[in-house]
Protein chains: 2
Amino acid sequence: MTSRSVEDHAHAVRLLLDRALAPATEHVPVPVALGRVLAADVHAPIDLPLFRNSQMDGFAVAADSLRGVPVTLPIAATIAAGDAGPERLDPGTAVRIMTGAPVPAGADCVVPVEDTDSDDDVVCVLVPRRRGEFVRDRGSDVHAGDVLLAAGTELTPRHLAMFAAVGLTALPVRRRPRVAVIATGAELVPAGTALAPGQIYDSNSTALAASVTANGGEVAFVDRSTDSPELFRDMLARATESADVVLTSGGVSMGEFEVVREVLTPLGGWFGHVSMQPGGPQGLTEVGGVPVLSFPGNPVSTLVSFEVFARPELRRCAGLAPLPADHAKLTGPLESPPGRRQFLRGRRVPQGVTLESGPGSHLVAALARADVLIDIPEDVTTMQAGDDVRVWQL
Amino acid sequence: MTSRSVEDHAHAVRLLLDRALAPATEHVPVPVALGRVLAADVHAPIDLPLFRNSQMDGFAVAADSLRGVPVTLPIAATIAAGDAGPERLDPGTAVRIMTGAPVPAGADCVVPVEDTDSDDDVVCVLVPRRRGEFVRDRGSDVHAGDVLLAAGTELTPRHLAMFAAVGLTALPVRRRPRVAVIATGAELVPAGTALAPGQIYDSNSTALAASVTANGGEVAFVDRSTDSPELFRDMLARATESADVVLTSGGVSMGEFEVVREVLTPLGGWFGHVSMQPGGPQGLTEVGGVPVLSFPGNPVSTLVSFEVFARPELRRCAGLAPLPADHAKLTGPLESPPGRRQFLRGRRVPQGVTLESGPGSHLVAALARADVLIDIPEDVTTMQAGDDVRVWQL
């Protein structure tokens with residue numbers, strides 16, 4: 001049986017996925033782009049504001065006409081927001097104006113309504129104003145052609161507000177990688193079914209699908225196969241039709257009834273042992289141009305395999321930042337088998353990072369309580385409290 | 001015109017919303033519960049593992065029968081994962097067993113296949129094993145009745161894996177608050193339309209809807225009204241049919257054509273001035289038991305109003321943690337009008353927090369570049385570089 005280091009297998013995965021998960025762009029309507037990643041710089045198609053407008057409800061006047069306040073001016077017109085209004089202010093007059101309405105040429109300031117007395121026809125301005133006061137100039141927020149936002153940004157409500165304000169209908173965003181998930185195992189039954197002796201509930205399809213979603217991917221297909229090669233082969237054909245990449249769990253080890261290995265080895269798949277724990281048995285195949293990553297079936301092995309091999313590639317494709325690598329101090333001693341890189345489940349505490357459970361790859365509740373993987377190198381067999389370890393954010 | 005402090009208006013909003021947005025529970029299928037907040041402690045319905053099973057592909061034996069290895073034992077049966085297998089191991093025999101398959105009574109350890117030689121009928125075990133080795137005991141991960149996860153937890157893929165593993169079909173989660181959004185203003189047109197003089201693109205409906213989504217809410221209704229009271233009244237009726245709370249933008253100030261104020265004041269709404277900038281004019285009404293929060297229409301005023309008055313309430317209802325308040329050092333001086341609490345747009349930099357723009361409530365691109373609101377108290381009029389300010393995470 002062939003063996004590989006974690007680095008070598010990750011490299012092989014990356015080579016295959018680089019092509020299948022090459023970053024691509026799609027256009028989505030602005031209102032549904034929340035959380036998506038901008039695929040290109042977006043430029044402003046128009047100035048913002050597009051026209052000089054009033055910052056207040058009040059009266060647009062020429063500042064010069066306010067010398068010697070109080071001053072009484074005839075009201076030449078009323079401009080509501082949304083009105084074009086008169087093109088030009090006649091000298092010695094005022095126009096009643098609402099917030100956001102266009103300030104006519106000839107007017108150069110706005111007197112807020114609370115600084116005036118008025119009836120329908122005339123306004124008495126009580127305080128002077130300087131040119132430009134309470135007037136928003138064209139382009140004072142954005143100039144047409146400005147880069148509004150750079151490629152690579154994850155979109156927030158504020159970004160969408162800006163794009164809507166310049167009238168954009170759609171945005172170029174990174175396409176989400178489409179991922180198919182197939183859990184295998186004769187022992188698996190879906191939730192809601194009574195368990196016969198020897199059967200367990202399938203959790204890997206839920207775990208992998210949710211992990212795909214949480215890392216910017218789109219779940220294109222989810223199903224559960226028995227150990228029947230015919231059933232698995234048929235499911236795989238449907239999965240590769242719709243997905244950029246397929247993730248399988250189970251059926252990869254050296255025992256009998258290993259459906260994934262049996263079906264994929266003749267198709268040129270690599271199946272072997274990666275020197276890690278959990279997650280030792282792994283497979284990697286290309287089926288009709290679609291990479292198939294085959295993880296072992298123990299729930300913890302499946303999720304750790306996803307974290308180590310699939311997550312970085314999915315996030316890269318989706319344009320999401322890699323989760324930062326980090327270091328922490330161990331709160332207690334630990335042992336690790338030689339020759340295997342170990343990913344232990346840990347939890348951050350004020351003093352550093354503590355083991356959440358033993359190494360058993362069936363401890364799914366312990367994994368749920370963990371918030372980091374503690375990464376112990378292959379050649380390390382014992383560590384002490386206070387030692388520095390690399391941790392992967394879960 | 002009545003006036004209120006930010007605290008007083010926030011208190012009035014909270015009183016009205018406490019009832020409309022009382023936390024409630026709904027049940028959703030496990031696979032779609034990602035990101036939802038658990039509404040009650042969830043207990044394990046079964047042990048995990050539910051039966052004693054093998055950690056390896058190999059042979060289940062009694063450790064006692066391995067004294068004096070190498071030892072040759074007859075293979076009494078083969079147990080694949082998913083098989084019930086024989087109830088009991090006959091003394092002096094072995095059963096071939098796959099990972100996850102039930103270990104029969106009488107067997108107390110598993111010898112991994114790599115430590116054996118075998119043909120169809122007999123196995124030669126080369127190394128001794130202690131009792132319990134490579135056997136996963138019933139309940140070693142979870143006991144039936146254990147609290148698997150406490151109320152209030154935001155659900156991750158690992159949590160869903162655990163719930164699937166114990167066979168749960170649905171989870172009790174906090175119901176998402178249903179929010180309606182109505183942007184008002186005669187000047188508003190949708191993206192994709194040519195602008196006539198005086199018109200602008202509606203950004204508030206997009207901004208508010210995305211903000212609702214980003215804070216655990218569900219957008220029940222989004223529309224855009226002119227200044228026509230009939231149109232707005234009709235829209236409001238439809239909005240209150242489906243939503244727990246309605247957010248409006250525009251039409252609240254002291255000018256003419258203030259459709260929101262005109263329609264809601266006769267229904268008992270409070271409309272007045274909150275001593276803040278931006279976001280001074282505000283309204284609060286209860287229409288048929290549904291609270292209506294009315295924000296001013298300038299894009300920055302709308303979003304700041306949402307942050308200050310709506311966001312804390314929506315997150316509380318959805319069960320999401322409030323965004324932590326924080327303090328930072330100003331990188332430069334600033335001025336603030338007396339008697340108004342000012343929310344300036346800022347950006348975190350290594351030295352502290354820097355102003356992103358002036359106070360203009362039309363500067364929507366500047367808001368998009370900001371990542372915090374800088375909260376300047378009512379009675380502060382000047383601050384210096386190095387002064388400590390309160391910041392709100394955007």
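**The interface and beyond**

A: Across the interface of chain B and chain A, the rule finds zero salt bridges. A salt bridge here is a side-chain nitrogen of Lys or Arg within 4 Å of a carboxyl oxygen of Asp or Glu. The model is predicted: local features need pLDDT of at least 70, side-chain atom pairs count only at pLDDT 80 or more, and totals for chains, interfaces and linings use all residues. Residues are numbered from 1 along each chain as its sequence is written, chains are lettered from A and ligands numbered from 1 in the order written, and side-chain values use heavy atoms, with hydrogens and water left out.

Now the extent of the interface. In chain B, 71 residues are in contact with 71 residues of chain A. Contact means heavy atoms within 4.5 Å. About 5,300 Å² is buried between chain B and chain A. Carbon and sulfur atoms give 68% of that area. Buried area is the accessible area (1.4 Å probe) that two parts lose on being put together, summed over both. Three residues stand out: B:D141, B:R158 and B:H362 supply 12% of the area that chain B buries against chain A, more than any other three residues.

Next, the symmetry. Chain B superposes on chain A by a rotation of 180° with 0.0 Å of shift along its axis, at an RMSD of 0.1 Å. That is the relation of a two-fold axis. The C-alpha of B:G35 is the nearest to the axis in chain B, 6.8 Å from it. Both copies use the same surface: 100% of the contact residues of chain B recur in chain A. The superposition is by least squares on the C-alpha atoms of residues with pLDDT of at least 70 in both copies.

Now look inside chain B. Helices (H or I, at least four residues) and strands (E, at least two) are DSSP runs, numbered from the N terminus. Two strands pair if DSSP finds at least two bridges between them. In chain B, β1 and β19 (residues 270-274) pair in the parallel sense over two bridges. B:R4 has B:V274 in β19 as its bridge partner.

Last, some backbone details. Most residues other than glycine have a negative phi, and most peptide bonds are trans. A cis peptide bond joins A:L48 and A:P49, with omega about -15°. Another joins B:L48 and B:P49, also with omega about -15°. In chain B, B:P49 sits in the loop between β3 (42-43) and β4 (53-54). B:F134 is not a glycine, yet has a positive phi of about 60°. B:F134 lies in the loop between β10 (122-125) and β11 (135-136) of chain B. At 22% relative accessibility, B:F134 counts as partly exposed. Buried means under 20% relative accessible area, exposed over 50%, and partly exposed in between (1.4 Å probe, protein chains only). A:F134 also has a positive phi of about 60°.
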